[in-house]
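Please look at the structure before reading on.

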Amino acid sequence: MRRPATWWKTGVGLVLTALMLFPAYWMVNVSFTRDQDMRKTPPNWFPVHGTLAGYRAVLDQQLPYLGTSLLVSLGTVAVTLVIAAPAGYSLARLRPAGGGTLSFLLLVAQMIPGIIMAMGFYAIYLTLGVLNTVGGLIVGDATIAVPFGVLVFQAFMSGIPAEITQAATVDGAGPVRAFWSVVLPVSRNATITVALFAFLWAWSDFVFASTLDGGGRLRPITLGIYQYIGNNNQQWNAIMATAVVASIPAAALLVVAQRYIAAGVSAGAVKD
Amino acid sequence: MRWLATRRRAVGAALAILVAAGGAAACSSSDDNSGSGAGSATYTIWDPYPQFDNSSDWVTLLKKCGTDAGVSVSRTGYDTTDLTSKALLAAQQGNSPDVLIVDNPVVSTLAEAGVLATTEDTKLDASASSPNLLAAGQSGGKTYGVPIGANTLALYYNKAVLSAAGVDPASVTDWAALTAALAKVTAAGKKGITFSAIGTEEGSFQFLPWFWGSGAQLSTLDSAGGVAALSLWSDWLAKKYAPNSVINNTQTTSWQEFATGQYAFAENGTWQLANAKKAGFQYGILPIPAKDGGTAPAPTGGEFVTIPVQKQTARYATAAKLVNCLTSSDNLLATDTTLSYIAPTEAVQAAQVAKNPELKVWVEAVKAAKGRTGDNLGTKYPKISEPMWKAVQSALSGSQSPQAALSNAQSAAAAATN
Amino acid sequence: MPAATRTAAGAGVARTATPAPVRHRRRAPGYRAQRWVAWAFLLPLVAFLLAFYAYPLYRNLDLSLRNYTVRSFVQGGAPFTGLANYRRVIDDPTFAPALLHTAVFTAASLVFQFGIGLALAVFFHQHFRLSATLRALFLVPWLLPLIVSSSTWAWMLNSEAGVVNSVLRAVGGDPVNWLTSPHWSLVSVTVANVWIGIPFNLVLLYSGLQGISPQLYEAAALDGAGGWQRFWRLTFPLLRPVSAITLLLGLVYTLKVLDVIWVMTRGGPADSSTTFATWAYRLGFGSVLPRFGPAAAVGNLLIVAALGFGLVYIRFQRRQGGQA
């Protein structure tokens, strides 16, 4: 009795997904389009006179940028986790005085537009000598993810049943050991969620990359795209091809991680 | 619990490796940072050509000039719209590059901010440049840089489309003739003209030949000439001689429309010459007509090579050597051919025409061109340009009539420049 | 999530509501040491906040309170002018339209992102064949750099060569000037923004759904509640804490949205799709002559607006916590 109903839902799901992904399909379509067909009326739904020129340009020129993007994004994940996990733990379970104010400040921190942050960083970075370095960009990108990360960790960790940490405390473990050996492993889903958000936000960031690493030797892919956006000319098939190629590692990560996200953001194991 | 311990160790190790890798990469790229530091032998150059990577002719030329001057050169290409704010931010923090190449209307802004050094201080020689091109880099009687090349606008036309519609390109000498030609082309089933009217400086750039061609001046946006120019454009849109997409077109997207082969005319610049050859149809070039005949003055595009103010004035000598190398007659020919610009000096212009006779039309156009910040407008120009492009957008999108739009623009401009 | 946020909120309430004597009685030996440890865990975060959020905010405030010309920006010595920049911004003719557009853009984006995200989350929660894969595919818009997704939408909505208009023409309708008409420009950027925001809402709401115990649904079904009733009476109320945080974060992020609008319409034509974020950017970076003072003022007004909503959220959290 249930099988026909399931297939019907799969069908609807496929249609909805196709609608949602249509712009992404269009992006791939443009990446194969010749320059003279770019503004054809009506446009080609399929690149009939396709060209690989965009992809050739990307493979020739963009791979170093992709490598840097990967490095920056992974670094951002690391920094975000190192700062956010202990903070979330502290706010959720150790509950110091003033924790509520700190949570509110974290909310406020997310309200600041990126360009204001980037302009402020410029002076600090210059003084510290970390302008145009990958390390500097990593820390800058972490500012996008840290407040959200603390929020997720705090929500998740306060939902962990008290019995689990009490068992550790009875065994004589202090808060540090309790955090490292007990709470953190149980919070695997939250960790993966925060890691994924941090990775994706750092991967697609442009404002910080442009201001803080615009002149560096190692630059991320969002700046690499500008190679095709000259002062008077833009190569759209190469731009779209870059986006397609840049999406592949992120997509792979997404497919792997989404199983954990599913059970992630909420407390998961909470039974009231 | 052992699997937990192993996993933790693995995660910890992975994190440590990541941090180390990041740190190593950061350290290895930090030697690029010592650029404009005290007394270093690396000179930094910023230019607005991010499309040129390290293997391009442009960067090879920069490095060669550096070697000739006895120093190593570190070059970064930025998006041209970003470069002004980056230059200001850098100057504020004392981090200016040694040589800065910027779009010409920006020079007066940077000069006023005290970011650029005058040619007196740097001993740069600007005498060979044509005066009409040099004007954009002059303010308060001082010169702040040297033009690297100029480009300007003209009308490209599709020979096949025009002959099929029975239009003789040579007859397009004033606005009435042009509008008549557009009518014939549209009646024959093709599209008329495409240009860029986007709400940025690019849109103003494209509107200026028509604005100046009607005899109007930027100091009075809502003069009869100004209204005539804007009405010309909005009538074309109303009669479908020009597509609605011009309101959002950049010069590139406008060119892409022309490249489909459906349009008779496109208003675009010298930098499209290379693309024009790839277009796959026969094209020609006409100067943009003025309202009652003659060639309309078009605005000059193209960048200036400038030397920002440095705390260590001893660096000016070498910086000036780099600039002279870039703008020397021998190198100018190669540079301007790469950039598809017209040279700023008479001698090199002659050499360009000798090499490529098609450029004659462009050389004439550049000679007739005007700087946007000329007429003593200087830093007033941006305060007039923005209300002007807003008026163009309002009129073309139908929210206001050309007269009303320009009157509002004039009040806004007058308020901003006082 | 329901229990988690309630506890977190409860912590906030307990801090202010618990009278001092109770706290005194609760102190166990080692409490002071525990407080130190708690703040030690928070130390990296606090240092991070001070260095990377407080300082840019201070600089922005300074920019808005002085009269900065390009000269004084570079050389220093800008005179203090108090609230003059704010007054200039409020008197500007762009202020009222920008305010209206910001409100409409944000409200419409939130309603549709949340509504569609919730519908999709409920739909995918039913675990049919391929539901996990399809759900993962829905996150693809998130992977694309904003400049690319915005450009793709601009491409598709182009008046001449856009695929949307070509479909309209094919079915016999009139083409619409999506990006170049003052009536449609705001609609177009809102649609693109909703598309970009659906994955975020989907992820958060889906995990919220996962936190609801299936036994509750079984009990409701036994009581004779139909599908729709189950949703309204059971799912929706239990999702309230997750919904609140999703909406708040969505609001904060939408207020900051810049790239989508800038790439698609530049805020035009004639300011018809200008919001506070794009206006601030245009003032500071979008013209040949930057005006940093007014740009910073608009940016600060934006932060204040977001702050207002943040306070509303805190009030909501307290009420929820009180109900526990």
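In which sense do strand 1 and strand 2 of chain B pair, and over how many bridges? Strand 1 (residues 42–47) and strand 2 (residues 72–77) of chain B pair in the parallel sense over 6 bridges. This is a predicted model: local features need pLDDT of at least 70, side-chain atom pairs count only at pLDDT 80 or more, and totals for chains, interfaces and linings use all residues. Residues are numbered from 1 along each chain as its sequence is written, while chains are lettered from A and ligands numbered from 1 in the order in which they are written.

**Strands of chain B**
- Strands (E, at least two residues) and helices (H or I, at least four) are DSSP runs, numbered from the N terminus, and two strands pair if DSSP finds at least two bridges between them.
- B:Ile45 has B:Arg75 in strand 2 of chain B as its bridge partner.
- Strand 1 of chain B is mostly covered, with 5 of its 6 residues buried (20 or more other C-beta atoms within 10 Å of the residue's own, C-beta atoms being placed from the backbone).

**Domains of chain B**
- Domain 1 of chain B comprises 39–147 + 301–367, and domain 2 comprises 153–299 + 375–416; such bounds come from an automatic or database domain assignment.
- Contact (C-beta atoms, placed from the backbone, within 7 Å) joins 12 residues of domain 1 of chain B to 15 residues of domain 2 of chain B.
- On the domain 1 side, helix 4 of chain B gives the largest share, 4 residues.

**Helix 6 of chain A**
- Of the 25 residues of helix 6 of chain A, 25 are buried.

Technical notes
Buried ≥ 20, exposed ≤ 12 C-beta atoms within 10 Å, placed from the backbone. Contact = placed C-beta atoms within 7 Å.
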